[in-house]
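Dear colleague,

I am passing on the structure we talked about, together with some notes on what turned up when I went through it.

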Amino acid sequence: MTRILENYEPKRACFHFENISAIPRGSGNEKGIADYLVSFAEQNGLWYHRDGINCVLIKKPASKGYEDHAPVILQGHTDMVCEKNLDTVHDFEKDGLKLKVKDGWLEAEGTTLGADDGVAVAIMLAILEDKSAAHPPLECLFTVMEETGMDGALDFDYSLLEGRTMINLDSEDLDCATVSCAGGATTTMTVNCDTSTRKNKLLKVTLKGLAGGHSGVEINKGRANANILMARLLSALYDKRPFNLVSINGGNKTNAIPRECEAVIAVFDPEDSKETLLEAAKVVSNELCDEDAGFKLHINKANGSDFVMTYKDTSRVLRAICLLPNGVMAFSRDIKGLVETSSNLGIVRTDGQAVRLITMERSSVDSKLDYVMKQFDMLGRCVDATVEHSERHPGWEYARESRIRDVYFESFKKLFGYEPKFEAIHAGLECGIIGRSLGKVDTVSFGPKVVDIHTPDEKLDLKSFKDGYELVLEMLKKL
Ligand SMILES: [Zn+2]
């Protein structure tokens with residue numbers, strides 16, 4: 001095989017990156033990459049453990065002189081997001097990636113590159129086999145299914161790890177390290193409704209044109225939530241003259257701010273109702289941010305359902321939506337401008353006689369996440385709805401003191417001659433789960449520069465790959 005990265009540094013990390021790029025490793029399909037890791041450990045005479053879902057832990061003893069230092073955990077995930085261009089022929093179940101280098105960037109032809117988080121795998125393997133590296137005992141943890149819910153990190157047997165200091169290599173910047181992330185949970189509130197026979201005329205109300213966005217990183221932009229906005233407009237109408245809800249549906253994902261919502265209602269006077277709704281829409285459009293300028297409300301006559309929700313239950317649904325915690329709820333006390341706690345009503349669905357409201361709440365402070373979940377429970381009691389929580393994962397709270405952060409800062413400055421920055425993100429990383437599982441772990445997260453992750457344009461800056469490798473080695477020397 002011709003090796004694209006033959007003449008690039010760091011030699012062995014490039015070698016392993018190229019090898020693992022030939023192994024299909026979409027989330028849930030990590031058997032092949034786990035086989036590679038296990039045979040690597042066997043060839044190098046290293047202790048390893050492979051769990052039932054293909055997470056792999058490889059340990060390497062301390063180098064000479066570091067025997068009495070505390071172990072250090074290096075960590076990243078083996079799975080990748082599988083996205084390709086429409087005209088690219090590629091089977092992510094069996095085909096290897098086609099790598100190419102362009103202007104110092106490594107890319108894959110027409111597909112995601114999997115540098116998120118293949119660079120972590122490659123760097124860890126290169127360090128594990130490097131006999132000249134100076135380091136404390138190493139525990140390299142390779143997790144699976146990070147991109148689809150972090151199942152690997154959630155299920156791992158943490159009694160196998162002794163380290164309480166960790167470098168997570170799953171952030172895509174070298175000179176801006178992540179030092180805190182949010183935990184999260186999903187809440188489903190179900191409002192069961194009684195129905196009655198329809199007597200009035202139907203209107204279909206469609207709300208469109210909002211900007212939406214990621215429910216974590218874009219929750220602070222002041223963008224409107226289509227589901228909440230719809231309930232607000234409908235409640236303005238209900239106040240003037242009660243109507244019956246037939247259905248309300250909006251949004252597709254809990255982790256996206258919904259852009260559209262559609263409701264069907266039965267009203268006594270369609271013309272008057274339409275006017276009231278448009279007036280209410282005019283009022284709220286004055287409150288919207290510039291990105292939501294495309295906001296539109298369409299109201300049309302509709303046919304269909306002979307049954308409607310009762311007035312009482314229509315009111316319950318609207319109260320539940322308007323009152324539930326949504327948007328930014330608190331900012332960090334340590335990091336200016338960082339959202340600490342938020343909630344997003346991502347999905348509203350009407351299934352027969354039940355309306356389900358599905359939210360995702362996030363917080364970097366676990367007790368605040370608990371409190372938001374409790375607010376949903378309390379609201380459920382107020383509007384007589386059932387509330388269920390799922391997919392809870394812990395956050396990674398900012399530590400006011402951190403040795404690993406200091407070591408990162410000093411090592412970076414020494415190698416590259418300028419000071420790196422720190423950031424906290426209002427989205428999830430495995431660090432939260434691992435930290436919670438081990439008690440307390442002093443953690444920093446960074447990685448070689450990768451742009452456009454999760455898209456076929458994903459690119460790795462090869463210079464940054466080399467720098468990242470050297471940075472990890474320099475940090476290990478100091479730990
Ligand atoms: Zn990742």
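Gln 75 stands opposite Asn 168 in strand S7, and this pairing belongs to a set of three bridges through which S3 and S7 (residues 165-168) are joined in the parallel sense. Please bear in mind throughout that the model is a predicted one. Strand S3 (residues 72-77) also has a partner in strand S6 (residues 138-143), with which it runs parallel over six bridges; within that pairing, Gly 76 has Phe 142 of S6 as its bridge partner.

How many of the six residues of S3 are buried? Six of the six are, so the strand is largely enclosed by the rest of the structure. Val 72, Leu 74 and Gly 76 point one way from S3, while Ile 73, Gln 75 and His 77 point the other way, and all of them are buried.

Strand S15 (residues 261-267) is likewise mostly covered, with six of its seven residues buried. Strand S11 (residues 201-208) runs antiparallel to S15 and is joined to it by seven bridges, among them the one that makes Ala 263 of S15 the partner of Val 205. Strand S13 (residues 244-250) pairs with S15 as well, again in the antiparallel sense, over six bridges, and here Gly 250 has Cys 261 of S15 as its bridge partner.

A further sheet, which is open, is formed by four strands in the order S4-S5-S25-S24, with antiparallel pairing. Its edge strands are S4 (99-102) and S24 (450-451), each of which pairs on one side only. Inside this order, strand S5 (residues 105-108) and strand S25 (residues 459-461) pair in the antiparallel sense over three bridges, and Trp 105 has Asp 461 of S25 as its bridge partner. Helix H11 (residues 462-478) lies across S4, S5 and S25, and it runs at about 55 degrees to S25.

The same helix H11 also meets helix H3: the axes of H3 and H11 come within 11 Å and cross at roughly 50 degrees, which means that H3 is oblique to H11. The crossing of these two helices is right-handed. On the H3 side the contact is made by Val 119, Ile 123, Ala 126 and Ile 127, and on the H11 side by Phe 465, Gly 468, Tyr 469, Val 472 and Leu 473.

Helix H3 (residues 115-129) has another helix to consider, namely H1 (residues 11-21), and the axes of H1 and H3 come within 8 Å and cross at roughly 130 degrees. That angle makes H1 oblique to H3, and H1 passes H3 in a right-handed crossing. From H1, the residues Arg 12, Ala 13, His 16, Phe 17, Ile 20 and Ser 21 take part, and they meet Gly 118, Val 119, Val 121, Ala 122, Ile 123, Leu 125, Ala 126 and Glu 129 in H3. The residues of the contact of H1 with H3 divide into nine nonpolar, three polar and two charged.

Is Arg 316 buried or exposed? Arg 316 has 21 other C-beta atoms within 10 Å, and it is therefore buried. Leaving aside residues up to four places away in sequence, Arg 316 touches Val 191, Val 383 and Asp 384. By contrast, the C-alpha atoms of Arg 316 and Arg 25, which are 291 residues apart along the chain, are separated by 46 Å.

Finally, some values for the protein as a whole. The protein has 11 helices and 25 strands, and its C-alpha trace spans about 85 × 50 × 45 Å along its principal axes. Of the 479 residues in the protein, 47% are buried. Among contacts between residues at least 6 apart in sequence, 79% join residues that are at least 24 apart.

With best wishes

How values were computed: Residues numbered from 1 in each chain as written. Predicted model: local features only at pLDDT ≥ 70, side-chain atom pairs only at ≥ 80, totals over all residues. Axes fitted to C-alpha atoms, helices over the stretch in contact; angles between N-to-C directions. Parallel < 35°, antiparallel > 145°, perpendicular 65-115°, else oblique. Left-handed = near helix turned anticlockwise from the far one by under 90°. Contact = placed C-beta atoms within 7 Å. Nonpolar A, V, L, I, M, F, W, Y, C, P; charged D, E, K, R; others polar. Buried ≥ 20, exposed ≤ 12 C-beta atoms within 10 Å, placed from the backbone. Pairing = 2+ DSSP bridges.
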